[in-house]
Amino acid sequence: MFGKFGVVVGPIGRKNGGKMGCGPQLLTALLFVVNTLIASSICQASKSAAGAGLYPVCTSCHGAAGQGNRGMSGPKLAGQQGFYLLKQMQNFQSGARGTAPGDAKGRQMAAMAKGPRLSSLAALESLVAYIESLPDKAVAPTVQGDVLRGKSLYSTCISCHGEAAQGLETMAAPRLAGQSDWYLVDQLRNFANGERGYAPGDYGGRQMKAMMYALSTETDYRDVVAYINTLTP
Ligand code: HEC
Ligand code: HEC
């Protein structure tokens, strides 16, 4: 069905010397665009359906709806940006994350990422498409801090994570707002002590590690995260 429209549309550009008319040609072209959009959303939906079969092993630590499970130290995944989820799975697989001495939690996750069913890029993409389809429900805040102080600390973070901490793909920076707050504090500590952002090829992690000059104490971590808790992406 999609192929047929593709064939019809093919020669159109050439007919009017490259100019697009307003008659049937435009209609056909519009149909082509609509079909391409439908085709890509069908493709996304079928990817996510394949990913649903890969997600059950993740539920014990990340929750059935990707809401996170603090008891297992598994952060919320729902609502996180797909590019970042994919990158982290690849980092755990390659050893760019989860291999530093002392990083027991990262090591646990790395073992999960190396499961035989996740060895292809296609499988990881399907799994990520499925996680992206999960409902992004708010989680209860657990971190207390000085929000006003946190706001001023957060000014250094905006260029990469965005004003609303929504994450900026162009900067390879994840969403922070609405994610498990205890996990954000944990990760700041990991960047500071070299358990994350240590691998030579881990550009994103190294960049974030370099930014830790802006935060120096546990109080700083808590204050900035308390401010992030007030943001809605
Ligand atoms: C045995 C528990 C466990 C299982 C099962 C597990 N994870 Fe994790 N996962 C963790 C822990 C713990 C972390 C946090 C690691 C850290 O503290 O650095 C994590 C972190 C992650 C992250 C990084 C999130 C971020 O914001 O940086 C992603 C992505 C992830 N897990 C995806 C998955 C997927 C997908 C599966 C299923 C294939 C899975 N995990 C299964 C425990 C688990
Ligand atoms: C120069 C860009 C840049 C700036 C500025 C920056 N970050 Fe990041 N941050 C990143 C990138 C890139 C990552 C993803 C690292 C990776 O790929 O492992 C990240 C990751 C994080 C994470 C881990 C999130 C997760 O889900 O695991 C936290 C927490 C974080 N940043 C907090 C902050 C805070 C707080 C500030 C301001 C003090 C800040 N960042 C400033 C680029 C930046």
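Predicted model: local features only at pLDDT ≥ 70, side-chain atom pairs only at ≥ 80, totals over all residues.
Colleague: Why are helix 8 and helix 12 called roughly perpendicular?

Modeller: Helix 8 covers residues 147-154, and its angle with helix 12 is about 90 degrees. Angles of 65 to 115 count as roughly perpendicular. Helix 8 and helix 12 are therefore roughly perpendicular to each other. Their axes lie 7 Å apart.

Colleague: How do you know which residues of helix 8 and helix 12 meet?

Modeller: Two residues are in contact if their C-beta atoms lie within 7 Å. From helix 8, the residues that meet helix 12 are Val147, Arg149, Gly150, Lys151, Leu153 and Tyr154. Helix 12 brings Asp220, Asp223, Val224, Ala226, Tyr227 and Ile228. This contact holds seven nonpolar residues, one polar and four charged.

Colleague: What describes the packing of helix 10 and helix 12?

Modeller: Two packed helices are described by the angle between their axes and the distance between the axes. For helix 10 and helix 12 (residues 218-228), the angle is about 140 degrees and the axes are 10 Å apart. The crossing is right-handed. Helix 10 uses Asp181, Leu184, Val185, Leu188 and Arg189. They meet Tyr221, Arg222, Val225 and Ile228 in helix 12. The residues of this contact divide into six nonpolar, no polar and three charged.

Colleague: How do you know which residues surround ligand 1?

Modeller: A residue is near a molecule if its C-beta atom lies within 6 Å of it. Around ligand 1 there are 21 residues. Cys58, Cys61, Lys105, Met109 and Met112 are the closest. Helix 4 (59-62), helix 5 (82-94) and helix 6 (104-113) each give two or more residues to this shell. Helix 6 gives the most, with five. The shell has 11 nonpolar residues, eight polar and two charged.

Colleague: Which residues come nearest to ligand 2, and which helix gives its shell the most?

Modeller: Cys157, Cys160, Gly204, Gly205 and Met208 come nearest, out of 24 residues around ligand 2. Helix 9 (158-161), helix 10 (181-193) and helix 11 (203-211) each supply two or more. Helix 11 gives the most, with five residues. The shell around ligand 2 divides into 15 nonpolar residues, eight polar and one charged.

Note on methods:
Residues numbered from 1 in each chain as written. Chains lettered and ligands numbered in written order. Helix = DSSP H or I, 4+ residues; strand = E, 2+ residues; numbered from the N terminus. Nonpolar A, V, L, I, M, F, W, Y, C, P; charged D, E, K, R; others polar. Axes fitted to C-alpha atoms, helices over the stretch in contact; angles between N-to-C directions. Left-handed = near helix turned anticlockwise from the far one by under 90°. Parallel < 35°, antiparallel > 145°, perpendicular 65-115°, else oblique.
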